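Dear colleague,

I am passing on the structure we spoke about, together with some notes on its aromatic residues. Please look through it alongside the text below.

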Amino acid sequence: MSLEPTDFVIAETAEEAVDRLAELHKQATGALSLALKRYIKERIEPDAEQRALFRYPLLRITYRCQGEVPSTTRAYAKIQVPGNYSVTVTHPDAFRTYLLEQLRPLMHDFTVQVEVGISPQNIPYPYVVEHGEELAGSGVTAAELARVFPSTDLSAATDGVADGLYEWEGADPLPLALFDAARVDFSLRRLVHYTGSDWRHVQPWILLTNYHRYVDQFIRHGLDQLRDDPRFVRMVLPGNVIVSRGMDEGEMQAIIDGVVWHSYQMPAYHLIAADGHGVTLVNIGVGPSNAKNITDHLAVLRPHCWLMIGHCGGLRQSQTIGDYVLAHAYMRRDGILDRVLPPHIPLPALAEVQQALQEAAAQVTGERGEDLKRRLRTGTVLTYDDRNWELRWAQERPLINLSRAVAVDMESGTVAAQGYRLRVPYGTLLCVSDKPLHSEIKLPGSASAFYQRAVSQHLRIGIAALELLRNQLNALHSRKLRSFDEPPFR
């Protein structure tokens, strides 16, 4: 198949472009899947003409800058310099809403030519194998398939654009988005592996937690919403187990009780709304490595926001177990991102997220003014990679003192840094579960009482904050997360 410019079709509207992308992707994955099944069954290798079909579609935008200077303050769907921009695209049908949100305003505000065609980039065969049953009992090994079909090329799946490693000067074409198709497909498969559910269920509003007790409360909240709020239609649990609106409550509970969530490293729970603005909760477990891992993959879905809601150690005498900490700065001692985002780079607090979290806390607790200040402390959160950092207290105390930190945990700084790095609005609201410097630890009895009292309220604050942010999307996607060299798409 020729890859000359004549193979590209000009799209007059955003809808035309996405429809064409979807058609080409369906043709390519269908051809690859058919050839794969034929080889497994009959050992017939695809010929050169067939191989030429196994390619990602390409979206290309040409901007010549004909004198217009759009005055929009929008943080995305804008072009900074004239040139040719392109990106390979995967699963255009699933990403249709996102693609239209980027293309419509861009085509309205700028004089651009939008074209859709076929790229030179092969689709790796594992990305069309949905469940793996196709390979079971066939006698064909993955190594053999990799010799016959396009396989995963890790050099093609990078975060170079997001990390500022892409050389923009003189580049042609320029990147149209942070992630290309190979990088997106890489993460979509890992999301399924880690969370235990299809990536298509992930909602654009995400809560990350480090304790399973928040999951119990989220499921309870989901059942209430399915009963009382017509906006929500179903809840998807690990293993793609579905609880739907209208089910008998006993039937719902039986389904929930049968979920084998512990089979997955970071199980996810999705409360799905008919308008596409549902909420996903992921229990990421403990530690910065998990936090980086899951956010690396969630980022390709371009969520509107992720919030860390979990437990922390309070560092101030005035704090009480059960109090909240709203992070307005982070001292990163986790080390996980130091090579791509050095710890001296500041992570700005996003005003829209901070205000939403504080207002949500006031709404849920019913406290305002001085009463809320007694429960909600704003300050710096210190994130470690070592759970037993207290054993180095003599060495760590001077730095903690200089930072004015009010709480310590193992995930929040990483989650915020990933949001900054990958342009996903972020925020942190933690709940004090112990005070390691003041001999207040979670003893079994008191821990149970604390959890019962605090977890439900804390989760409701996080969900209420996301609801507030949902109503101010244009303000949420802040220019504070954009760099000098930035692709047009969010």
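What follows describes the aromatic pairs and the charges placed over rings.

This is a predicted model, in which local features need pLDDT of at least 70 and side-chain atom pairs count only at pLDDT 80 or more, while totals for chains, interfaces and linings use all residues. Residues are numbered from 1 along each chain as its sequence is written, and side-chain values use heavy atoms, with hydrogens and water left out.

A search of the whole structure finds 8 aromatic pairs (rings of Phe, Tyr and Trp, the last by its six-membered ring, with centres within 6.5 Å; planes under 30 degrees apart are stacked, over 60 edge-to-face, the rest tilted). One of them joins Y63 and F110, whose ring centres are 5.5 Å apart with planes at 90°, so this pair is edge-to-face. Y63 belongs to strand β2 (residues 55–63) and F110 to the loop between α3 (96–109) and β4 (112–122), 47 residues apart (helices, H or I, of at least four residues and strands, E, of at least two are DSSP runs numbered from the N terminus). Y63 is buried at 3% relative accessibility (buried is under 20% relative accessible area, exposed over 50%, partly exposed in between, with a 1.4 Å probe and protein chains only), and F110 is buried at 7%.

Y98 and F489 also pair edge-to-face, because their planes stand at 90° with the ring centres 6.3 Å apart.

Finally, R60 lies over the face of F8, 3.9 Å from the ring centre (NZ of Lys or CZ of Arg within 6 Å of the centre and within 35 degrees of the ring normal).
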